[in-house]
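Dear colleague,

Here is the structure that I promised to pass on to you.

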Amino acid sequence: MANENIEERIIELLIDITGEEEIGDYRDDDLFEEDVLDSLGAIELLVRLKEEFGIAIAPTELEREEMNSVNKIVERVQERL
Amino acid sequence: MSFYAEPAFFILLVPIVGIAVLLGVNEKPLGRYGLGASVLMLLLLFSRSIESLVFFACYLVFSLRLARWVSNLFSETARTDSDSSAHSPHPKRIALYRIALALQIAPLAVYKVGVLFQPDFLGFIGISYITFKAVQVLIEIRDGLIKDLGTLEYLYFLVFFPTITSGPILRSRKFVDDLNAKRTRDEYLQLLYRGAGWFMLGALYKFVGAPVGQWAMWFLPSVIGAATPAAATGANVVYALGYTLYLFFDFAGYSHMAVGLGYALGIEVPRNFRAPFLAIDIKDFWNRWHISLSTWLRDFVFMRFSAAAIEHKWFKSSVTTACIGFVLNMTLMGIWHGLTVDYLVYGLYHGLLLAGCELMQRKWGFYKKHRREKWFKLCSWAVTMVAVVFGMALFSGQVFHNPLG
């Protein structure tokens, strides 16, 4: 799977979860600080990542700082594929 | 001996911390020593009741056995036998794991029901808090996050004396990391200085702040009296405010001391309070008040429930999922505090507040437009504080059993 392809799919997923269309333009912003993601959004993300990519990340596996931006989420997914 | 209350406890801390400091500054590991010190302190804690001590010892053995059992269920060899993938274990294993979880919670559940009928029902100090730690371990073994928890490590995690009676609730992986951390002399000294600061602040809270709160809740209402309905209401409000101050200083004071003591033993005990009276909404409040409890419930109840709800599409919208999750989460917190009307209503009340907050933040255009403005934050803070103090009045039993007669 090409890297850009993964990135695009994750951004689409995030737009779907957060309703924030421009999320792809701010890839290093802290999504929790910007109120784009909250605990429930984060959980929805984990569930969707499992459905889309078949990777299971337990709710307490990662600290918030490890997946609080678009780029970090992409990294965490790539590590596990 | 009761912890953090009797002079004997503080006097004993002098040699216990003294030896820890000697080990720490000489860059020696603190684990074995901390375990030994904890065992000694727990013998003193339970010295008044041999039955409690025996029950506690049985509980430890029982918890160690359960963890071993669940470890074996989800070990690498067990996984490859019959699973299609590592992430979807065989249903039979999941069923056994659920039985293990139920068994781990059973002693606390039996105790909570038992004390309703018999105040001296068999239990031990800290049974409520130790249950959180043991349950976390089982869940994270199942998640594959805990792979090799040694028996002595797990035992020390459970008996770690600074937090045994009332938390802060430790997490095992962080605890083991701290235990195995090799600190230089300077790193240990820095930790020790920070710990000393926490301990002194905690002592100030508990032995100065808390008595002031107590004085306010008992003395001021009697001055106001209850001659008119307005005075009676005023006395009740002052009592609730006094109780809120008392509970904060007492519990935050205890927690800060536990943090400080933990640091001296090389364990970075998590902070339990972060200026809760500056919270601008009720979610913010729970990120600042009894933090180790609220984050534990968030991680192991709210998030698990929400994940299951989203995965199996139990509800139409994510707002509904969140609201139901909050009510469930906080009602469980109320039950954990005790099976009395006061605690149950307290839990339900906070669940509904959180659900209301969620609805406001997601659905109310006015909120979205003005939430970053100063005046809005100020109003939101004021409403939050009123809600918090009323919650404290529920928690203290003031609402259902008027203490002012």
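What follows is a short account of what was found, going from each chain as a whole to the parts within it.

This is a predicted model, in which local features need pLDDT of at least 70 and side-chain atom pairs count only at pLDDT 80 or more, while totals for chains, interfaces and linings use all residues. Residues are numbered from 1 along each chain as its sequence is written, and chains are lettered from A and ligands numbered from 1 in the order in which they are written.

Chain A

Chain A holds three helices and zero strands; helices (H or I, at least four residues) and strands (E, at least two) are DSSP runs, numbered from the N terminus. Its C-alpha trace spans about 30 × 25 × 20 Å along the principal axes. For 81 residues a compact globule would have a radius of gyration near 12 Å, and the 11 Å of chain A agrees with this; the radius is taken over C-alpha atoms, and the globule rule is 2.2 Å times the number of residues to the power 0.38. Of the 81 residues of chain A, 30% count as buried, where buried stands for 20 or more other C-beta atoms within 10 Å of the residue's own, exposed for 12 or fewer, and partly exposed for anything in between, with C-beta atoms placed from the backbone.

Chain B

Chain B has 16 helices and zero strands, and its C-alpha trace spans about 70 × 60 × 50 Å along the principal axes. With 405 residues, a compact globule would have a radius of gyration near 22 Å, and the 23 Å of chain B agrees. Of these 405 residues, 38% count as buried. Among the contacts in chain B with a separation of 6 or more, 69% are between residues 24 or more positions apart, two residues being in contact if their C-beta atoms, placed from the backbone, lie within 7 Å.

The chain is divided into domain 1 (30-180), domain 2 (189-264) and domain 3 (276-396), with bounds that come from an automatic or database domain assignment. The centres of domain 2 and domain 3 of chain B, taken over C-alpha atoms, are separated by 24 Å. Six residues of domain 2 of chain B are in contact with five residues of domain 3 of chain B, and the residues on the domain 2 side divide into five nonpolar, one polar and no charged. Here Ala, Val, Leu, Ile, Met, Phe, Trp, Tyr, Cys and Pro count as nonpolar, Asp, Glu, Lys and Arg as charged, and the others, Gly among them, as polar.

Helix α3 (residues 50-73) of chain B has 24 residues and should span 34 Å at 1.5 Å a residue, and the 35 Å between its end C-alpha atoms agrees; the expected span is 1.5 Å times one less than the number of residues. The buried residues of α3(B) are Phe56(B), Tyr59(B), Ser63(B), Leu66(B), Ala67(B) and Val70(B), and what covers them includes α5 (91-117), α6 (127-142) and α7 (151-159) of chain B.

The largest nonpolar core has 115 residues, of which Ile43(A), Ala67(B), Val137(B) and Leu138(B) touch the most other members. Such a core is a set of buried Ala, Val, Leu, Ile, Met, Phe, Trp, Tyr and Cys residues joined through C-beta atoms within 7 Å. Helix α10 (residues 229-264) of chain B gives the largest share of this core, 14 residues. Leaving out residues up to four places away in sequence, Val137(B) touches Ala67(B), Ile146(B), Leu149(B), Tyr154(B) and Ser172(B).

Where the chains meet

In the contact between the chains, 16 residues of chain B meet 11 residues of chain A. On the chain B side, the elements that give two or more residues are α12 (291-311) and α13 (318-337), and α12(B) gives the most, with nine residues. The residues on this side divide into six nonpolar, four polar and six charged.

The buried residues of α13(B) include Thr321(B), Phe326(B) and Met330(B), and their cover includes α2 (39-53) of chain A together with α12 and α14 (341-363) of chain B. Phe315(B) is found in the loop between α12 and α13 of chain B, and is partly exposed, with 16 other C-beta atoms within 10 Å.

With best wishes
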